[in-house]
Amino acid sequence: MAEVKQNHPQISQGQARPPDGSTRWGRLQQRFPILQRKRGVALAIGLMILPFFGLLGLLALRNRHGGGDNGGAAGTAGGQELITDDTFFYGQSEPVYPSPAMTGAGSWADAYNKAVDFVKQLTTEEKVTLASGLSSSTGSSGTVNGCSGNIDAIPRMNFSGLCLNDAGQGVRATDFVSGFPSGIHVAASWNKDLARSRAESMGLEFRVKGVNIHLGPVVGPLGRTVRGGRNWEGFSPDPYLTGALVTETIQGIQSQGVITSTKHYIGNEQETNRQPTGDVEAVSSNIDDKTLHELYLWPFQDAVKAGTANIMCSYNRVNNSYACANSKTQNGILKTELGFQGAITSDWGAMHAGVASAEAGMDMVMPNSDLWGDNLTKAVKNGSLSEDRLNDMATRIMAGYYQLGQDRDFPEPGVGMPADLTKPHHIVDARNISSQQVLLNGAIEGHVLLKNVNNALPLKKPRMLSVFGYSAKSPDQWNYKSNGGVAAWTFGGESSYLGRDTAAGFGGDYYGDFSNIAPNGTLFSGGGSGAVTPASVSSPFDALNARALDDRTAVFWDFFTPDPDVAGTSDACLVIVNAFASEGYDRPGLRDDYTDGLIRHVADRCNNTIVIFHNAGVRLVDQWVDHPNVTALVFAHLPGEASGRALVSLLYGDSNPSGKLPYTVARNESDYEGFAGPDLPEGRYEKFPQSNLSAEGVYTDYRHFDARNITPRYEFGFGLSYTTFNYSNLQISKRDGANTAQYPTGAIREGGQVDLWDVVATVSADVRNVGDVDGAEVAQLYVAIPNAPAKQLRGFEKPSINVTASATVSFDLTRRDLSVWDVVAQKWLLQPGNYGVFVGASSRNLPLNGTLTI
């Protein structure tokens with residue numbers, strides 16, 4: 001712990017525990033049932049040994065980002081004393097105590113009063129029950145149900161308990177549910193209305209299944225680490241785009257009465273060393289105050305403003321204090337500065353201190369822990385933890401329950417989440433016919449057309465079509481009881497060696513020989529707890545073959561050979577491949593030789609080679625994208641269950657591509673510099689890995705490329721269409737009567753001071769479709785704020801525009817949009833001066849520009 005106050009004893013790494021959910025091994029067995037079997041244990045032991053060999057090779061390496069220089073050190077590493085005790089880091093994270101009690105401000109007043117009345121009637125033990133998880137499962141071994149986590153019932157109070165379940169793209173690890181597009185796919189659509197519709201449909205499925213708390217959406221990781229294993233679960237490395245989409249997502253899900261647990265708070269930017277392993281602690285994300293507010297906290301602030309009733313604290317340390325025991329981020333920022341009224345829940349196994357975590361602001365532990373439960377009851381009774389703090393924990397949990405109306409006609413917790421899908425059980429079909437168009441539209445709009453020469457697309461009833469690549473077909477297996485164990489299906493591993501790499505990552509092997517691709521079939525999502533398990537799927541080849549039958553097109557295919565035969569008379573050759581990512585480990589690279597070689601091989605033999613990538617993040621393309629026979633490139637991202645139908649609709653022109661990149665594609669991985677990959681436990685920090693997010697500060701993704709004057713292959717916000725749009729008539733108007741004083745003065749409500757959201761100015765522009773087909777265009781607004789990056793996204797709209805028609809797009813700029821964080825005043829500062837205003841089709845195609853003067 002880096003906070004001086006956090007001196008409570010932690011779990012000893014070697015301390016023996018009974019084989020139940022109170023231990024890390026017990027929790028792993030509960031969440032990953034394969035570990036309950038002998039072969040699973042053998043696999044885990046093997047995987048646990050691997051990291052030590054990897055660490056031996058790291059001893060001579062130098063830590064990329066240093067920090068600290070005294071105390072808690074012993075031995076040497078690279079000429080420096082090895083840090084062996086976390087007392088070395090004490091004071092790096094400011095202590096903020098006591099934990100502020102919920103106030104019931106704003107729209108929470110009624111829910112707060114109900115919660116206070118409920119909690120008054122509880123015994124100490126019952127209050128602790130609300131805060132302490134009961135059991136966890138993945139739909140195969142749960143003793144209660146198949147929920148990821150549970151809060152026990154209090155029958156005498158007519159309280160049925162709570163079911164918590166993954167995840168951000170749909171109900172995971174159960175039957176008769178849909179697989180929605182992943183977060184990165186939603187971001188690539190740049191469509192706020194579609195994000196809202198997706199969330200409403202998804203929230204309804206969670207409700208029908210009896211899930212009280214939806215474990216999502218994800219805004220951390222934000223995406224700072226380009227090879228981050230979980231970037232695909234979130235939206236974009238741009239905080240504004242992520243904040244806008246998480247707002248729609250939270251409001252849509254919670255409109256169905258389901259609580260959102262927005263995660264992972266905060267600085268959870270890499271999977272490598274995300275949890276303590278052996279004598280190595282979890283990685284510390286070291287973030288200065290300005291960077292925290294302007295980048296990583298931004299979408300969480302939007303989430304709180306949107307009314308999220310729960311926040312999940314993350315595995316990592318923040319400024320060397322574990323996130324779930326960090327009083328600065330929880331008490332000081334979330335509950336005080338942002339006025340958060342809900343409860344903070346731990347990620348699974350992320351709590352490492354008992355009383356200290358409660359005092360630091362955490363309200364609920366998942367899936368369970370012997371540090372709470374009976375021990376939390378003892379702590380209250382012996383005075384180690386105040387009764388007032390326990391009351392606030394219980395009140396915050398119950399206030400979310402009442403705020404979302406779960407005391408009125410909500411299904412029984414876990415009613416559609418059977419504990420064992422292999423056994424006969426009552427089927428609860430959560431799918432709704434109204435969601436079908438949402439699933440298809442969402443899948444279509446998240447595809448991004450990056451190259452299209454010689455009118456290669458759309459296809460026009462080709463006489464002969466050749467299809468290559470491992471991501472064209474359905475996975476070799478889609479079976480609950482697969483050969484790779486439960487993890488393959490429940491954690492999105494069917495296409496990736498039957499879950500081999502995902503299982504290894506979850507077992508703590510951060511340095512394994514992981515694959516860049518999923519070679520056993522197409523991707524509907526990435527791997528891990530954010531994966532989807534849809535009841536039915538459409539693969540690209542299934543949909544292509546159906547279209548070919550209608551068009552009487554001859555089709556040849558080869559999904560397995562790295563150097564396939566290519567029919568030279570093919571009208572088009574489709575190469576459908578992928579870039580996989582999963583929770584538990586970070587991607588080993590941003591390209592791979594096998595896939596690049598396959599693409600070049602086909603392109604050398606086919607003069608109309610069209611490349612489609614299902615990519616769980618950035619994928620470099622410079623090995624082949626300029627090949628004269630590569631005529632088109634599509635980033636298909638992670639479309640969910642409607643993948644094949646969506647792709648065919650776009651390839652044949654039934655739909656017009658409208659997606660844009662929510663990230664920057666570099667020419668070389670080195671262009672991303674220090675944040676391309678994860679930070680490792682190196683040098684004197686072998687036992688306490690450090691990741692210095694302040695090194696680049698707010699200059700990540702396109703801000704970094706702008707600041708370094710690096711030309712990307714494809715810039716942030718870029719995407720092609722089958723039509724063309726022109727921009728004109730930029731208008732900038734300052735709002736009459738707008739308060740442009742330097743600092744906000746309003747009261748604190750959900751999201752911070754209320755006048756942060758006052759509109760200061762409005763920008764508008766006209767967009768005309770001057771092409772040959774109807775289409776939708778993402779018009780983007782960027783602002784150059786004084787003493788800040790050259791330009792930052794501050795607005796986007798996506799009108800559908802018919803041929804020859806035009807639309808006027810309008811963007812409101814709030815006080816927060818135009819402010820920078822003042823670390824001295826601890827407020828958002830609106831500076832006097834000139835603000836550059838830019839409108840256009842991408843971050844580097846901004847034909848309209850003007851000036852706003854404050």
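**The second largest pocket**

Tutor: By class, the lining of the second largest pocket has seven nonpolar, six polar and nine charged residues. Here Ala, Val, Leu, Ile, Met, Phe, Trp, Tyr, Cys and Pro count as nonpolar, Asp, Glu, Lys and Arg as charged, and the others, Gly among them, as polar. Keep in mind that this is a predicted model, where local features need pLDDT of at least 70 and side-chain atom pairs count only at pLDDT 80 or more, while totals for chains, interfaces and linings use all residues. Residues are numbered from 1 along each chain as its sequence is written, and side-chain values use heavy atoms, with hydrogens and water left out.

Student: How much space lies in that second largest pocket?

Tutor: About 480 Å³. Of its 22 lining residues, Y240, A244, D302, T814 and D817 are the closest to the centre. A pocket is an open set of points on a 1 Å grid over the protein atoms alone, where a 1.4 Å probe fits, with protein on both sides within 12 Å along at least five of seven lines; lining residues have an atom within 4 Å of a point. The volume is the space filled by probe spheres set on the points, which are joined across faces, edges and corners.

Student: And which element gives the largest share of the lining?

Tutor: Helix 7, with six residues. Helices are DSSP runs of H or I with at least four residues, strands are E runs of at least two, and both are numbered from the N terminus.

Student: Switching topic: where is K660?

Tutor: K660 sits in the loop between helix 19 (643-651) and strand 18 (690-692).

Student: Is K660 buried or exposed?

Tutor: Buried, with a relative accessible area of 4%. The cut-offs are under 20% for buried, over 50% for exposed and partly exposed in between, using a 1.4 Å probe and protein chains only.

Student: So what does the side chain of K660 make a polar contact with?

Tutor: The side chain of E777, at 3.3 Å. The backbone oxygen of A841 also lies 3.1 Å from a polar atom of the K660 side chain. A polar contact is a pair of N or O atoms within 3.5 Å; within protein, one must be able to donate a hydrogen and the other to accept it, and residues adjacent in sequence count only if both atoms are side-chain atoms.

Student: Last one: why is helix 14 called largely enclosed?

Tutor: Because seven of its 10 residues are buried. Among them are V438, L439 and L440.
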